[in-house]
Every structure is written in structure tokens, then in C-alpha cells.
Amino acid sequence: MNPACQHWNLPKGSGLAHNASQAVLALACGLLALPAWTDEPPAPAKPGTAQPNVHVLPTPFLIPGLNRERTVRIYLPPGYEQGTRRYPVLYMHDGQNLFDDATAYAGEWGIDETLNELAKSRGLELIVVGIDNGGAERIHELNAWDNPQFGKGDGEQYTAFIVEVLKPWIDQHYRTRPDRRHTAIMGSSMGGLISSYAISRYPQVFGKAGIFSPAYWLAPQVFADTEARPPPPAERIYFYAGGSEDLGMVPEMERMAALLRRQELPATNLAVRVNPVGRHNESAWRAEFPRAVEWLFRDQRRRSPQRQAP
């Protein structure tokens, strides 16, 4: 899929003008998905930037009910191979964008470089499981509700795949801490929307969520769904959006945060941050990731050995 179609950033108007702009973009994305015939030589491949402790699992996973396969990428903390320790796990969407500039469509998040540094400087160590998006299927799989303009929502099956297929496999094959307190989910744009859905529907599985620039405009049903399922008091949610995104982004994110406050999610477990100049892109989310992951896992850093008194 063309990069412009991966994270849509439409001005939030109302009525026919907004609907028309969405329809035009949908048509453009459909056309851009067709093969491009050109006499120009293909662009040279970008060099890989993934660190040695990032692995692409050799066999794709089948999503039950959708008959689609997804590649999974996994980051293991430094020293994993030499130790016996068990680690918290963060599940993330758009796996192509997380670790490697060679596979990213608009720049990578630098998850591996960031976590390698945080392991060294802050004692924060965790496993990250990145699930590749499905290209043209992304807008369906990361939305749990049907949309009259953009089609069927397959997010229910996609999220069930993470909970019922992928997480049990990861817990069986890696040294994880599988309980909800040590399991988080995170994503941006459509990935933020499905992460919001996941932590609401599966609070017994995910105890933390990082929700960046959530595409709530695409599925307003998410507000009623969240209202019907008050979060456990121990749930921890980190919201982020940029002030230079579309006009509805920050108000809709703050609406969701206000709903969670009314449901008595403790203030200490809810973070809402707006970067006034932040835009809707990977570089903004990459810059925010260290702050978010430290906050979400703030009580799970390894303590430095205490010095003995002389």
C-alpha cells in the first residue's frame, strides 16, 4: 500500500465536505495500490537497521477466521540468550515500522535502539512482539467495527488472534511474564484505535496500553464500547497526540481520557500528553516512545545492586 494510505490525516470537518474528502482519498488509495508501470529503474533497497537482537520469526501466523497470514518480529532484551530471567512483553502493531528502516514505509520507530539504550541506562528490559500490518487489509484489521465508507471491520478477529493464538505461542517459546500486569499493547493511528479496543475487551490479558494518535474518528463506537466496560483500577494507559495533526485528533483523545476518568481510573494510571507541534508520522511517535514505555513499565525496571556500607 502506498505510504500516504497507511496513516490518513484528513482535516476533521463536518457534513458532505468531510465525507467527500474521505471518499476521494479512499479512491486514490485504491488506485495507488495498483501496480505502477514505469521505465524508471526501481529505487535501491534501503540498508537494514535492525539490531542483532531483533528476529523475524520464520513462519507467518495464520489469523483464524480471516484466512490471512502475518509476519511477526520479536525484540529480545540484551543478555536474553545468556540468562534465565523472565520479561514483560509489549505487543505492537505495524511491525514493519518498528525496528528496520529497510521495511518501514515512512521511517522506523527505532524500538530496538531505544530499548537497548534504556536497558543500559535505566535497567528497563522487556520483550517486544511486532505484528506486521496487512497492507490493504490494515484499515479493516485495525478497526473492530464496520464503516459505511471503508468497509468491514476485522479488528475483533485480529485482536482475538493476538490473545488466543500469538500470545500463548510467545509465552510457550520465550521467557515471558504472562500475567496482565506485565503485558502491554501499543500502536499509532489505526494501531491506537485497535489498542484502545483491545485493552477494553481484554483487561484480563492487557494491563497497559500505549495509544498514540488514535483514529477514533473512523470508529466512534469505541466510546460507547469503552463506557460499557469500566477499566480495572490497576489498568495503566498512556495517550499521546500531536497538536499539528487533524483538528479532531486532540479533542477526541481527550474525550476518551475524560471518559476513563469518569470511570474512576486513578490519575496515577492515566497519562495524557500533547506535543503542540507534533505531526501524524513515525518520527513523532518514535520521539514519544521512550517517555511512554518508561511510564508504562515504570515499576518493572531492574534495581541497581545496593552498595554495602564500608
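**Entry 1: Tyr91.** I located Tyr91 in strand E5, which covers residues 89-92. The model I am reading is predicted.

**Entry 2: partners of Tyr91.** I looked up which residues touch Tyr91, leaving aside its neighbours within four places in sequence. The contacts are Val129, Ile162, Leu166, Lys167, Ile170, Thr183, Ala184, Ile185, Met186 and Phe206. For Thr183 I also noted the spacing: it lies 92 residues from Tyr91 along the chain, yet their C-alpha atoms are separated by 7.8 Å.

**Entry 3: the cores.** I next examined the largest nonpolar core, which has 58 residues. Tyr91 is among the residues with the most contacts inside it, together with Ile127, Val129, Leu166, Phe206 and Phe239. I recorded a second, separate core of 27 residues, and its members include Val54, Leu115, Met186 and Tyr238.

**Entry 4: helix H3.** I turned to helix H3, residues 111-122, and asked which of its residues are buried. They are Ile111, Asp112, Thr114, Leu115, Asn116, Leu118 and Ala119. In an α-helix, residues three or four places apart point the same way, because there are 3.6 residues a turn. The buried residues of H3 pack against strands E1 (54-56), E4 (72-75), E5 and E6 (127-131), and against helix H9 (282-296). Finally, I checked the position just after H3, where Gly123 takes a positive phi of about 70°.

Definitions and conventions:
Residues numbered from 1 in each chain as written. Predicted model: local features only at pLDDT ≥ 70, side-chain atom pairs only at ≥ 80, totals over all residues. Heavy atoms only, no water. Helix = DSSP H or I, 4+ residues; strand = E, 2+ residues; numbered from the N terminus. Contact = heavy atoms within 4.5 Å. Core = buried A, V, L, I, M, F, W, Y, C linked by side-chain atoms within 4.5 Å. Buried < 20%, exposed > 50% of the residue type's maximum accessible area, 1.4 Å probe, protein only.
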